[in-house]
Amino acid sequence: MQSLQSIRKIACAAAIFAGAFLGVGTAPAPAAQPRIVGATVSQAGQDLVLTVRTAMPVALAKLQPRPDTRRASAAYLCFGFAAGKGGTASGPSAGAAPETRLCLGGPKALTHAGLVTVDAAQRPLTDGTVRVKVKRPSSDKLVLSVVAGPTHPTGLRPGHHAWRVLASRGGCEVRRRCAVAYPPTGASPFRLRPVRAVGCTGGNAELVSDTTTDHKVVALTFDDGPSEYTERFLAVLREKDVPATFFEIGQEMPGREATMRQILAEGDEIGDHTMNHVEYPGYGQIAGAAERIEQYTGFRPCLFRPPGDAVNSSVVATAGSLGMKTITWDVDPRDWSLPGTSEIYSNIVDNTRPGSIVLMHDGGGPRDETLAALPQIIDTLRGRGYSFATVSRLLGDKLLYRPYG
């Protein structure tokens with residue numbers, strides 16, 4: 001009996017020792033420190049592409065998309081960017097400039113990333129989200145793409161930046177035991193190049209006056225420019241944060257190249273409206289205007305609008321052979337006839353429906369009435385739940401951007 005009691009005591013002592021050694025029955029140990037094997041930042045067209053490789057697979061759903069990295073308990077995986085001079089890799093936290101962080105994690109980790117700005121002391125200044133595409137080519141590799149147009153949704157400006165990756169599995173009592181940074185020797189340089197629109201998708205031999213959609217979205221279009229009014233129309237669109245499509249006449253373009261480039265730089269679209277506003281135009285009239293648009297802006301249009309709605313199968317085929325879809329409209333306020341600001345406004349807001357293409361004019365005559373009606377048109381439609389798109393975007397196509405400089 002004494003021998004059996006001795007065995008039980010020895011077994012109990014062994015169990016206590018094993019529990020202490022293995023962490024069984026005691027407070028859980030801090031999570032293992034993450035190990036980043038490699039990371040890159042690059043630019044593909046207008047996309048910012050961020051790649052990270054880790055020693056072990058990362059469970060994105062367990063990470064915080066907008067973490068406060070000063071807290072030892074925070075779990076995160078973030079790319080941090082700060083302005084760098086001349087491409088040097090001075091650490092983002094070393095200076096007084098804010099650092100912009102894109103952080104993976106949360107229930108929508110594959111389509112949205114957290115966007116956090118911190119000061120030099122790591123205190124959060126702003127936070128939000130940005131749409132992204134996240135892919136996992138392998139269990140230990142993550143690729144995040146941020147799609148940008150003329151401006152970057154992260155707020156990053158073209159130029160030199162220093163970047164780094166910050167990561168922590170959280171669950172620590174002391175931050176430095178869990179948090180890591182890559183590269184371990186300091187931040188790396190990256191130059192974000194500006195982009196410009198060079199073309200668009202969807203240019204084919206098709207005639208479109210509107211589209212069918214369940215979404216309350218509409219395309220505002222302007223004809224017969226560029227003119228002395230165009231920049232004033234752009235100012236309204238910029239203030240209201242509304243994109244639009246400008247169908248331009250070749251003979252009106254010389255001397256207004258800067259205005260045309262401004263249209264594209266602000267996220268609007270340019271379409272072909274013939275060289276001389278000719279009805280039932282032939283190849284030369286359509287091709288000449290397209291060539292002039294490309295010559296002045298570097299943008300190859302994929303939309304053509306026939307003057308006076310004068311269109312037949314030959315016109316559609318000719319435009320299609322030049323890579324352009326023929327676009328008319330389903331809402332016409334006849335603003336070219338100068339019916340008055342209130343008439344222009346009423347005609348548009350009373351007849352617009354989801355998928356409409358609205359015709360207006362920024363050139364071809366005095367356009368003060370249309371310009372005066374535009375802010376109220378936008379406010380009323382937006383108040384009724386409408387959003388706005390370029391014609392290409394309305395039809396499911398998109399503008400194509402390319403870095404330059």
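**Figure 1. Strand 14 and strand 19 are joined by five bridges and run parallel.** The view is taken from a predicted model. Strand 19 covers residues 357–361, and within this pairing Ala 219 stands opposite Ile 357 of strand 19. Strand 14 itself spans residues 217–225, and nine of its nine residues are buried, which leaves the strand mostly covered.

**Figure 2. Strand 14 also pairs with strand 20 and with strand 15.** With strand 20, residues 387–388, the pairing is parallel and rests on two bridges. Here Val 217 faces its counterpart Ser 387, which belongs to strand 20. With strand 15, residues 245–248, the pairing is likewise in the parallel sense, over four bridges. In this case Phe 222 stands opposite Phe 246 of strand 15.

**Figure 3. The surroundings of Phe 222 belong to the largest nonpolar core of the model.** This core has 52 residues, and Leu 220, Phe 222 and Leu 374 are those with the most contacts inside it. Helix 7, residues 368–383, gives the most to the core, contributing six residues. When neighbours within four places in sequence are left aside, the residues in contact with Phe 222 include Phe 233, Leu 237, Phe 246, Phe 247, Met 360 and Leu 374. Thr 245, His 361 and Asp 362 are also among the contacts of Phe 222. In soluble globular proteins, nonpolar side chains tend to be buried together.

**Figure 4. A second, separate core has 32 residues.** Among its members are Leu 48, Phe 79, Leu 142 and Phe 190.

**Figure 5. Cys 78 and Cys 103 form a disulfide.** The distance from S to S is 2.1 Å. The angle about the S-S bond is 110°, and the link is right-handed. The two cysteines come from distant parts of the chain, 25 residues apart: Cys 78 lies in strand 3, residues 76–83, and Cys 103 lies in strand 4, residues 99–104. Cys 78 has a relative accessible area of 0% and is therefore buried, because the cut-off for a buried residue is under 20%. Cys 103 also has a relative accessibility of 0% and so counts as buried.

**Figure 6. Cys 172 and Cys 178 form a disulfide.** In this link the distance from S to S is 1.2 Å. Cys 172 is buried, with a relative accessible area of 8%. For Cys 178 the relative accessibility is 1%, so this residue counts as buried.

**Figure 7. Cys 200 and Cys 302 form a disulfide.** The S to S distance is 2.1 Å, and the link is left-handed, with -125° about the S-S bond. Cys 200 lies in strand 12, residues 195–200, whereas Cys 302 lies in the loop between helix 4 (283–297) and strand 17 (303–304); the pair therefore ties together parts that are 102 residues apart in sequence. Both Cys 200 and Cys 302 are buried. A search of the whole structure finds three disulfides. When the bonded cysteines are counted along the chain, the disulfides follow the pattern 1-2, 3-4, 5-6.

Methods. Residues are numbered from 1 along each chain as its sequence is written. This is a predicted model: local features need pLDDT of at least 70, side-chain atom pairs count only at pLDDT 80 or more; totals for chains, interfaces and linings use all residues. Side-chain values use heavy atoms; hydrogens and water are left out. Buried means under 20% relative accessible area, exposed over 50%, partly exposed in between (1.4 Å probe, protein chains only). Two strands pair if DSSP finds at least two bridges between them. A disulfide is a pair of cysteine sulfur atoms within 2.5 Å. A nonpolar core is a set of buried Ala, Val, Leu, Ile, Met, Phe, Trp, Tyr and Cys residues joined through side-chain atoms within 4.5 Å. Contact means heavy atoms within 4.5 Å.
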